[in-house]
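Subject: A structure for you to look at

Hello,

Here is the structure I promised to pass on. Have a look at it first, and then read my notes below.

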Amino acid sequence: MAKARIAVHKFSSCDGCQLQFLTLEEELLQLAERVEISYFVEATSNLGDGPYGSYDVSFVEGSVSTPDEVERIRKIRDNSRMVVAIGACATAGGIQALRNWGDLQSYKTSVYPQPEHIEALPTSTPFSEHIRVDAQLAGCPPNQGQLKYVLSSVLAGVQARIPRESICLQCKRDGNVCVLVAQEQPCMGPITKTGCGALCPHQERDCYSCFGPADTANIDAMGRRFMGTGMPPGGVVHRLRFIYNWAPQYREASQRWLDHAGGFRTLPPAVTVTPPSGVQP
Amino acid sequence: MNDVNRQAEFAAVGARRVDVPILTRVEGEGALHVGLEGGQVTDLRLRIFEPPRFFEHFLRSRTWREVPDIVARICGICPVAYQMSACNAIEMAFGVEVPPPIRDLKRLFYCGEWIESHALHIHLLAVPDFLGYPDAITLAKDYPEAVRRGMHLQGLGNGLLQVMGGRPVNPVGAVPGGFYRAPSRTEARDMLRKFREALPLAEQLVRWVGGLQLPDVTREVTSVSLRADDEYPMNYGRIVSDRGLDIAVSEFGQHFREFQVPHSTALHALLHDEPYWVGPVPRLNNNLDRLPPSTAKLLGETPVSWPSQNPYHSALARAIEIHVAVVEAIRLLESYGTPPKPHVDIVPRAGVGYGCTEAPRGILWHRYELDDQGKVVHATIVPPTSQNQAQMEADMRASILENLHLSDGDLRLRLESGIRNYDPCISCSTHFLKLTVERR
């Protein structure tokens with residue numbers, strides 16, 4: 001059987017996600033035995049059939065933030081059997097999606113003396129807003145173990161099942177002292193997707209949600225808990241508008257908390273569970 | 001309001017202006033356009049079209065504690081450099097002096113980044129050029145031991161970053177004032193064993209790279225780096241050049257100027273209106289007397305007379321700096337005792353702070369203005385690649401004139417390897433150039 005041909009593409013990003021391939025160290029050589037690394041500008045001067053060659057799996061890093069990038073991702077989609085989006089930028093717009101909340105022109109003029117030479121879209125968005133994506137892997141950067149798992153699943157033709165529960169669960173299993181309970185640090189762990197290995201509490205600090213929202217996150221409850229540490233509602237907005245600011249859950253919740261901070265409206269009441277009738281509490 | 005701040009900043013730094021705080025994105029694709037006419041270079045443009053991400057803009061209104069987590073995202077390969085320059089600047093703004101054990105931890109952290117970044121660059125990016133391969137994977141078929149040794153060293157650096165920051169890309173351990181957590185004695189002992197085992201590998205690497213046939217060119221250019229009183233520079237020191245510059249980190253804006261060129265989203269920088277060079281060779285040139293004795297001895301055995309004006313010696317300088325970092329990490333780990341507190345407590349106050357550290361590819365300069373709550377009012381970041389851009393263009397211009405006899409294909413390979421000497425950033429450096437040559 002012919003080896004699968006894979007491609008790695010960079011969009012608006014820091015490069016950290018594709019670096020997760022290059023820091024596989026010796027496993028990178030094993031990977032090259034199993035698949036044909038056909039197009040990966042960071043790794044090889046052999047450019048296969050070019051950026052728009054026909055590949056089995058295209059890994060895409062970064063967000064879509066220029067008109068040119070909109071065109072590029074469409075062409076890549078047309079020529080790839082599968083497209084796998086890796087990282088926070090690719091799956092949620094990344095930290096640079098903070099510009100989506102403001103006015104692009106003011107951004108350009110504050111950074112560049114001649115903004116007319118700078119071509120950029122007003123927003124930084126994930127690939128899923130532009131094309132159909134076959135698999136997504138969260139994380140800033142994604143976990144190498146998960147990356148290998150997704151790659152193996154894709155090659156085996158099965159769907160990768162990435163856990164979507166809160167990182168809090170692993171953190172507890174690891175036996176870390178809770179930085180929120182014990183130290184009143186505004187840890188985002190309860191509303192953050194698992195995958196990193198609970199790095200921040202291991203380093204005795206609060207999580208800042210670089211893996212994005214967990215599936216069943218109760219964000220408003222988290223915000224209320226942060227207020228209990230003395231944080232104002234505006235601080236909650238700040239916490240949500242960080243690496244994953246453009247993920248729909250954080251985006252909507254941050255707007256609710258912003259309105260709340262501005263005194264425009266109160267937050268929805270805390271959810272109370274009513275037992276079904278006939279069941280004694 | 002922005003203009004008012006900028007004017008105030010210019011007034012503060014004196015007559016020479018730092019035009020505008022600009023952060024360049026250079027990790028993606030670039031291109032080199034060359035126009036030749038009658039054996040003369042009529043047009044040469046190193047184009048960088050990495051989309052801008054506006055970090056300096058959205059750093060504003062963020063609190064001091066968030067800054068290291070944000071700036072790490074500027075560069076996936078050298079997040080430690082970004083975090084350390086930012087932490088140093090914020091510590092200065094708040095008037096915080098970190099005690100020696102925490103300074104040592106910062107240096108240890110930096111050793112990890114130098115080792116992983118340099119090992120990656122030498123093996124995955126630079127050396128395939130010199131041995132005629134398209135990449136490290138095919139290189140490994142003929143030179144399996146050399147590539148494995150390189151990847152082992154890369155893993156050693158990554159392992160140290162993992163202990164101190166949780167992960168090598170976007171580590172989470174650093175905070176202004178020090179670290180959230182210090183390594184345990186068991187972790188330190190374990191690292192020490194690995195580093196001692198790796199020392200002979202670092203020596204072999206220097207000899208191997210020293211034995212490669214590297215092009216012999218000379219570029220008359222000013223070497224700029226940090227220089228410290230008593231150590232090979234990483235986190236601290238004054239900004240010096242081999243032509244007499246010797247200034248405090250806070251005086252950068254009076255001597256260096258950044259400006260925009262239409263063909264690039266990265267800014268160019270000049271020192272007294274001239275191109276200059278930052279990175280491992282300039283660092284070594286300016287600090288030959290600051291090497292650990294065992295590295296100095298090894299350096300004496302290399303077939304190069306230092307200081308060097310040959311950009312192709314960059315690969316060797318990186319190998320030498322891996323040796324420096326391994327030797328330094330061993331020294332720091334041997335004397336390691338878990339500090340009572342891994343960071344100094346910060347009390348925010350309004351002020352301005354500057355930080356400059358030696359990223360693997362050259363000095364990385366930060367300036368922050370913070371308010372009394374410790375929120376960022378203004379941020380300026382000058383990365384090494386934008387500082388090298390003018391020199392890269394000058395170097396390429398010279399290379400073209402030296403190699404006019406080459407075919408377009410060979411000329412392209414030559415220029416590509418020449419650009420890679422500067423390690424502009426990983427994603428662009430492997431197939432950096434889409435060279436178009438117009439010959440008339």
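Let me begin with chain B: among its contacts between residues at least 6 apart in sequence, 73% join residues at least 24 apart. Two residues are in contact here if their C-beta atoms, placed from the backbone, lie within 7 Å.

Please keep in mind that this is a predicted model, in which local features need pLDDT of at least 70 and side-chain atom pairs count only at pLDDT 80 or more, while totals for chains, interfaces and linings use all residues. Residues are numbered from 1 along each chain as its sequence is written, and chains are lettered from A and ligands numbered from 1 in the order in which they are written.

Chain B has 15 helices and 14 strands; these are DSSP runs numbered from the N terminus, with helices being H or I of at least four residues and strands E of at least two. Of the 440 residues in chain B, 58% are buried (20 or more other C-beta atoms within 10 Å of the residue's own; 12 or fewer is exposed, and in between is partly exposed).

One helix pair in chain B is worth a look. Helix H4 (residues 79–93) of chain B packs against helix H5 (residues 100–131) of chain B at an angle of about 155 degrees, and their axes are 9 Å apart. That angle makes H4(B) roughly antiparallel to H5(B), a label for angles over 145 degrees on a scale from 0 to 180. On the H4(B) side, B:Val80, B:Ala81 and B:Met84 meet residues of H5(B) that include B:Phe109 and B:Tyr110. By class, this contact has five nonpolar, one polar and two charged residues (Ala, Val, Leu, Ile, Met, Phe, Trp, Tyr, Cys and Pro are nonpolar; Asp, Glu, Lys and Arg are charged; the others, Gly among them, are polar).

Also in chain B, B:Lys341 sits in the loop between helix H12 (314–334) and strand E11 (351–359). B:Lys341 counts as partly exposed because it has 14 C-beta neighbours inside 10 Å.

Now to chain A. Helix H11 (residues 233–240) of chain A is largely enclosed by the rest of the structure, because six of its eight residues are buried. Among them are A:Pro233, A:Val236 and A:Leu240, and the cover over the buried residues of H11(A) includes helix H10 (219–227) and helix H12 (248–261) of chain A.

Best wishes

Note on methods. Parallel < 35°, antiparallel > 145°, perpendicular 65-115°, else oblique.
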